[in-house]
Amino acid sequence: MCADSALKPYFFFFITYLKSTIFLFLKKMVNHTFPLGFFSFNKRGISELIVTVLLIGFTVGLAAVIITWGSQYVQETTETVESEGNVRVASGGFDIRLKSAGIDVGKLLVTVENTGTVPVEELFIRANANLIKADLSSTSQGELAPFDIKTYNFSNFVLPQGTILEVIPGADLDRDGTVDFLAEKRDEVPVEFFSFRVFVTSDSWNGDLGGLAGADTKCQAAANNANLGGTWKAWLSTDTTSASSRLYHSSIPYKLINGQTVSNDWDELTTGFLPPVYLRNPISRTELNAVPPEPYVFTNTLVNGASVGNNDCSDWQSTIGTPLLGFSTDQSGGWTNSGPLNACGNLDNHLYCFEQPA
Ligand SMILES: [Ca+2]
Ligand SMILES: [Ca+2]
């Protein structure tokens with residue numbers, strides 16, 4: 001809006017009033033002081049002069065007040081229009097809150113709340129180079145109505161813990177048949193782990209694993225081959241280094257690749273679920289979610305994570321000796337400590353692999 005055009009009526013009013021006032025003044029001067037002229041000392045002429053000057057002063061003052069008020073009014077009107085112009089009218093009531101985002105057994109779980117008044121039909125989910133566009137109406141949960149909070153899960157969305165996940169809501173706001181995404185309505189949270197995964201390897205080896213580091217490498221390779229993502233270490237001890245000292249002590253559940261819970265946390269894992277039942281489910285699933293061909297697993301580790309002793313095939317670098325094994329079919333303490341069995345030279349021993357924070 002242009003301030004000049006809005007002020008025109010006030011100026012017109014002011015000029016007209018000023019003109020008629022001057023005309024009145026001149027007329028009175030002529031009537032009462034002529035022929036003495038403008039600078040007459042005629043008493044009546046002076047009082048007329050004073051009155052007229054006061055009238056002009058009052059007129060100028062009134063005009064100033066009107067102009068000031070007029071320009072303020074125009075300014076306020078302009079600001080209102082501008083602020084409305086910054087907000088896309090179509091986005092009114094369109095808002096979303098990302099409550100949490102976490103990885104649970106290879107699934108990304110995204111909990112979102114619709115804090116607006118428009119149903120959210122689609123979500124743009126972005127993290128690092130990963131980007132997916134999720135059509136919510138095609139999920140079992142359906143689209144997200146106003147005030148609803150729902151958790152949507154997306155498979156194979158492997159992200160390290162702490163990755164910033166960004167969600168942008170989508171809906172056909174202008175009703176032209178295509179979904180609109182408004183980046184300014186986005187929300188973001190860091191990705192958490194809701195569980196750590198555990199598996200028994202599908203491959204098996206003799207006792208010459210390349211030490212503890214070699215065993216960890218085998219776990220990582222198995223996970224990588226199965227596209228599990230994440231960081232992995234073996235549940236394995238030498239006589240001097242315990243599994244407990246090598247592994248992360250989780251406060252969230254350990255789960256199998258099929259989603260079954262092994263233990264609710266490290267404490268439950270190492271003290272037992274309901275002793276003598278230690279594990280809620282045996283670690284009998286491989287990285288490929290299959291049952292291994294035999295149950296033998298190198299551990300040399302007690303249920304509490306401590307080293308058993310020297311049944312470690314010379315720190316897992318030899319085919320000579322007798323290893324201490326666990327049984328992958330076992331839910332009792334035998335899962336990790338079934339005693340010295342088999343031989344370091346046998347090739348049918350597997351490893352337990354535990355996911356670690358990145
Ligand atoms: Ca649209
Ligand atoms: Ca040793």
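Start by selecting the open sheet of five strands, which run in the order β11-β16-β10-β12-β13 with mixed pairing; strands pair if DSSP finds at least two bridges between them. The edge strands are β11 and β13 (261-263), each of which pairs on one side only. This is a predicted model, in which local features need pLDDT of at least 70 and side-chain atom pairs count only at pLDDT 80 or more, while totals for chains, interfaces and linings use all residues. Residues are numbered from 1 along each chain as its sequence is written, and chains are lettered from A and ligands numbered from 1 in the order in which they are written.

Next, show β10 (residues 196-200) and β12 (residues 254-255), which pair in the parallel sense over two bridges. F196 has Y254 in β12 as its bridge partner.

Then pick V198. Leaving out residues up to four places away in sequence, V198 touches Y254, K255, L256, V262, I283, Y352, C353 and F354; a contact is two C-beta atoms, placed from the backbone, within 7 Å.

Now colour the largest nonpolar core, which has 66 residues. Such a core is a set of buried Ala, Val, Leu, Ile, Met, Phe, Trp, Tyr and Cys residues joined through C-beta atoms within 7 Å. Buried residues have 20 or more other C-beta atoms within 10 Å of their own, exposed ones 12 or fewer, and partly exposed ones fall in between, with C-beta atoms placed from the backbone. Those with the most contacts inside the core are V167, V198, L236, L351, Y352 and C353. Helix α3 (residues 211-225) gives the most to this core, with five residues. The core lies between domain 2 (90-193) and domain 3 (196-356), because both give residues to it; the bounds come from an automatic or database domain assignment.

Move to α3 itself. Buried here are L212, A215, D216, K218, C219, A222 and A223. Seen down the axis of α3, these fall within an arc of 155°, so they line one face of the helix; the arc is that of the directions from the helix axis to the C-beta atoms. The face turned away from the buried side carries the exposed residues A213 and N225. After α3 comes N227, with a positive phi near 55°.

Finally, zoom out to the chain, with its six helices and 16 strands. Helices (H or I, at least four residues) and strands (E, at least two) are DSSP runs, numbered from the N terminus. Of its 358 residues, 31% count as buried.
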